[in-house]
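Dear colleague,

Please find the structure below, handed over for your reference.

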Amino acid sequence: MDPVPLPVSAWLGEGVSMVLLRGAGLGRSRCPVHGLGIQVLGGHGQGPFEVGGGAEVCGAENGPAGLELAPPACTAHGEWGDAHTSPGRAWRGEGSHPGACDRQGGLQTCTLGLGALLITPILVAEGAAEVRLEDGSGRCAGRVEVKHQGQWGTVCDDFWDMNDAAVVCKQLGCGSAVQAHALAHFGPGSGRIWMDDVKCHGTESALSDCTHKKWGQNNCRHVEDAGVTCSGFVRLVGGDNPCSGRVEIHDGSQWKTVCDSDFGPKSANVVCRDLQCGTALSVPRAAHFGEGVGPMWDRELQCVGNESLLVSCPTGSPRDQPCTHANAATVTCTQFTGFRLVNGRTACEGRVEVHVQGTWGTLCASHWDLLDAHVLCRHLNCGFAESIPKGGHFGRGTGPVWRDSFHCDGTEAHLGECPVTALGASPCSHENDAAVICSGPARFASLRLVGGGSRCDGRVEIFQHGTWGRVLDEQWDMQEASVVCRQLQCGEAEAASNPPKAQRGTGPVGLRGVRCAGHEANLTLCNTSLPESALEAGIAEDVGVVCRGSRQVRLVNGPGRCAGRVEIYYEGSWGSVCDDGWDLSDAAVVCQQLGCGGALEAVGSARFGEGSAQIWLESVNCSGAEAALWDCPAGSWGQHDCGHKEDAGVVCSEFMALRLENGTNCSGRLQVFYNGMWGSVCSNSMTPGTVSLACKELGCGDRGSLETQQPYGRLSGTAWLDRVECGERNSSFWQCPSAPWDPHSCDNLRDETHITCKGSQPETPPAPLAACPSTPSCTGRRFVPWEGRTGALAEWRCGTAAPGGRCVTTLGTCGMPRWRAGSWAVALRCLPWPRLHLGRGAAPSGWSRWSAGGQSHLCRTAGPGLGTAVPAAIRRTRP
């Protein structure tokens, strides 16, 4: 540690205070280094003092009268300096030596007094060595690295224990130590190994305060790099990812829930920054993510908003009034910290650029659609999206091209609220930059629809004199609704309504009474100057419309975004589709409409559960080329003879899932399900951070390790992915960038990824004996986890011709229906399913063709523990 001269006036000057930390008697006092301030050690009943900075000060004993003082300093050899060994003046005149210094590792022990400290120049040594944790699941877990002489290096695990880990967690503001890791648990580092034989007491403020060998002296290799897992100071729980949820703070002994009255936007931004989750997108209502358990934190956060860590925020005194879990603070963060439109004629059109972790880049247009564009326009106060021009319309961008795909439903307030995927995305160039032309900011007589399920249905509001106002009318009909839909570019009007009382507005009235012929381009061209007698003739109420552009399709109750029960949004409400005539051509239209690739399977018999609302369509008969499901021939809306037990569903090729194969509960070969089949994930570029996100996705804890001792041999199966590189900005495995989908991503068994997660999944109970219903039809149904796989389900069904029959299933075993004295046994579905519907040709080994209901199926006939997969919609027939 090189001494640095600093005059007294510099550190006792304006704006700097000295704070007494503890008393100390005359004699030996320690001069520890820490990263939060200078500690000044003294004697004569005084104690060490702390001032701002981040360095070390050794004071000097006051000499006898007439003695001229000079700035003493601890040298690199642990001795007090003089004119020949340190900068500045030495002691001159008569008197005793000011003190003595001992040095142990990075710690100096000084014998000194405080008298001279306030009247002489001081020598200040450099501050504590910086510490960071790398390749973990966040900033509070990972390989320990320390910065010395401007270079980052690792720490050897010799004598590494919980006391050492506790100091690292304290220095980083990461709460308490959960585990001290050895043997490169988070992967081997590179470069120098700076510290070895570290021995902390646990009370030190920085790792460099602890005793250790000289910097750079070690007998270690990087396979012995030390690691730490800290509790963290703050976390978000109850959300669908680590970057959203209920706010909890670790007080050193346990987690406590933060009260929403003590939590505002400034604190929310600091929380997101601390967790490396970007910026706060919203602070939802109290207990938005459910109520927590355990104690409440009794302090108020008083963040300025620019703090890097929440632990740096000032806190208020304990609350007088108690706070309950119903008032738990919540926050949603986003990695996307800025959006803009570039190179357009106005601020509301142009090439889409996104700010991520301090860098602006363009967005790839591969999956960019009007729903995504509507959300962006709304967020930028630019109205709605009129069109999404092809790439290059607004010129080529510069910088990175983000391959993230947003999957918005159009109702979100910010793109950061939409589901995002990037895994397996193909390379994208600036020739394919996303773009949008928005309608522009609200101007006089602009319209909007509020309270509906899309931008094209809801209660009508008009913009006048800088504010939005309600539209009231007593004779609102389809003529007026047609004009509103036309003005909003929402297609034809499907319904005109007066919203129920609960959905009426409460703000100012912008327009009262309007009569349209139905052909006008906008509402202001209609007759809005009605006589008072006409207005008084009826009771004016809020008005609403449903336009054709409000129609939507979605998949619900499935194991992922691209598999589930089909539902359509029509005339302001969601309803299901009957499975009569439902086939792959129909499913293909749904998958294409949702950006989910092709159709793997068209399913019926409410495999994804029964809906509870309207059944909108039956006898759908698509060719497969239609742009939307409602473009296909079908029965009249709402006209059917179906029950919800016949609800239709689909499985699309973009449906993805993870599993661990050929291992124990949370250990094995990592595989991904894509395009109808399971395939391996290759281990090139695999980091502990990527493994951690895979473990989270599997429900196996938040960290794991990569198993590297694998045999050589040719890989004969599918290997879907390689170079999966999850970074700090990724909160989900599906958001991680990787090489494009390729069934031959690697060809050697040694390249397959095998991981062991540090958590475990709940044991899956065996399927119970279940009494079949007393009906002649197959109606019994139960979903259970399949082989403990996250996102994978097994379904059993039973049917009987006589009351009291019983059926038995074994998880993972699929059986053909068998005629058995008037009843038939279970038909078990395993999800994700193999591709059942194929074209002509021979079935692959281990499978056979089977026909039912005029459809050809591919059924598993061989394999360990597997029987035959059958469609759930089959009817009971004699063999």
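Rings of Phe, Tyr and Trp (its six-membered ring) are counted as a pair if their centres lie within 6.5 Å, with planes under 30 degrees apart called stacked, over 60 edge-to-face and the rest tilted. The model is predicted, so local features need pLDDT of at least 70 and side-chain atom pairs pLDDT 80 or more, while totals for chains, interfaces and linings use all residues. Residues are numbered from 1 along each chain as its sequence is written, and side-chain values use heavy atoms, without hydrogens and water.

Ring pairs join F336, F339 and F406 into a cluster. The count by this rule is 14 aromatic pairs. One of them is the edge-to-face pair of W720 and W741, at 6.0 Å centre to centre and 90° between the planes. Because W720 lies in strand β46 (residues 719-721) and W741 in the loop between β46 and β47 (754-757), the pair ties together parts 21 residues apart in sequence. Strands (E, at least two residues) and helices (H or I, at least four) are DSSP runs numbered from the N terminus. Both W720 and W741 are buried, that is, under 20% relative accessible area, where over 50% is exposed and in between is partly exposed (1.4 Å probe, protein chains only).

In helix α4 (residues 370-379), the buried residues are D372, A373, H374, V375, L376 and C377. They pack against strands including β21 (336-343) and β22 (349-356), contact meaning heavy atoms within 4.5 Å. After α4 comes N381, with a positive phi near 55°.

Yours sincerely
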